[in-house]
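Please read the following notes alongside the sequence and the model.

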Amino acid sequence: MTDSFPKIFEDIKADEQNADYTRQGIDPLYIVNQQARLVIIGQAPGRIAQETRQTWNDHSGDKLREWMGVDRETFYTSPCIAIMPMDFYFPGAGKSGDLPPRPGFAEKWHPRLLKLMPKIELSLLVGTYAVHAYLHQKNSVKLTDIIRDYDRYLPEFMPLAHPSWHNQLWLKKNPWYQEEVIPLLQERIRGILNEE
């Protein structure tokens, strides 16, 4: 049987791992398009994102869009941009922020979705969970070291810090990120979007 975006969506909702969400009427939250050339792989939807049914719909999203150099409309409506978190559901709140994405979730669903998006040129890996999973790095490897070595992973992947307000101190300690990584990120994204 041929796979399709609607079939995968229904399979995700029907999966026992997601049964509690489905019973509450909560659908998986992600954006995919067969024409996508850029995919944003972050952590998991936050509480606001799940409640409003819009990914990256908070201050972190505003910062990410600023880093990318795109406006809100382009971010949500361009067929070039796909958004695929490591978990498609809000995992709940912990003591120091949201809980991590559930283990094994991305491994189960991302390959099926990516197979239907053959034009992807660049994957933005936003934050520790996406970076370590997609770049096959041990948890002991520091995110700062991976991001500093970003050119090793181009042109397929670009590791990024999480744009959370929790990372303000990290940004101050690592000015090279804003000076070197962000301009390159914006240049790559402009090139991808201008191919439309």
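1. How many bridges join β5 to strand β6, and do the two run parallel or antiparallel? Strand β6 (residues 157-160) is joined to β5 by 4 bridges, and the two run parallel; strands and helices here are DSSP runs numbered from the N terminus, a strand (E) having at least two residues and a helix (H or I) at least four. Within this pairing L124 stands opposite M158, while P159 is the bridge partner of L125.

2. A word on the basis of these notes: the model is predicted, so that local features need pLDDT of at least 70 and side-chain atom pairs count only at pLDDT 80 or more, whereas totals for chains, interfaces and linings use all residues. Residues are numbered from 1 along each chain as its sequence is written, and side-chain values use heavy atoms, with hydrogens and water left out.

3. Strand β1 (residues 38-41) is also joined to β5 by 4 bridges, again in a parallel run, and there I41 stands opposite L125. The open sheet has 4 strands in the order β2-β1-β5-β6, with parallel pairing, two strands being paired if DSSP finds at least two bridges between them. Because β2 (81-83) and β6 each have a single partner strand, they stand at the edges, and one side of each is left without a neighbour in the sheet. On average, neighbouring strands are turned by 20° against each other, direction ignored. Helix α10 (residues 175-193) packs on this sheet and touches β1, β2, β5 and β6, its direction making about 140° with that of β6; the axes are lines fitted to C-alpha atoms, for helices over the stretch in contact, and angles run from 0 to 180 degrees between N-to-C directions.

4. Strand β5 (residues 122-126) is mostly covered, since 5 of its 5 residues are buried, where buried means under 20% relative accessible area, exposed over 50%, and partly exposed in between (1.4 Å probe, protein chains only). In a regular strand the side chains alternate between the two faces of the sheet. Here L122, L124 and V126 point one way, S123 and L125 point the other way, and all are buried.

5. In helix α6 (residues 105-115) the buried residues are F105, A106, W109, H110 and L113. They fall within an arc of 105° seen down the helix axis, so they line one face of α6; the arc is that of the directions from the helix axis to the C-beta atoms. Their cover includes α1 (5-14), β1 and α7 (128-134), contact meaning heavy atoms within 4.5 Å. On the other side of α6, E107 and K115 are exposed.

6. The model has 13 salt bridges, each defined as a side-chain nitrogen of Lys or Arg within 4 Å of a carboxyl oxygen of Asp or Glu. One of them joins the side chains of R112 and D3 (2.8 Å, N to O). Because R112 lies in helix α6 and D3 in the segment before α1, this pair ties together parts that are 109 residues apart in sequence. R112 is partly exposed at 23% relative accessibility, and D3 is partly exposed at 27%.

7. A further salt bridge joins E121 and R37 (3.7 Å, N to O). This pair links distant parts of the chain, 84 residues apart, with E121 in the loop between α6 and β5 and R37 in the loop between α2 (19-23) and β1. E121 is partly exposed at 31% relative accessible area, whereas R37 counts as buried at 12%.
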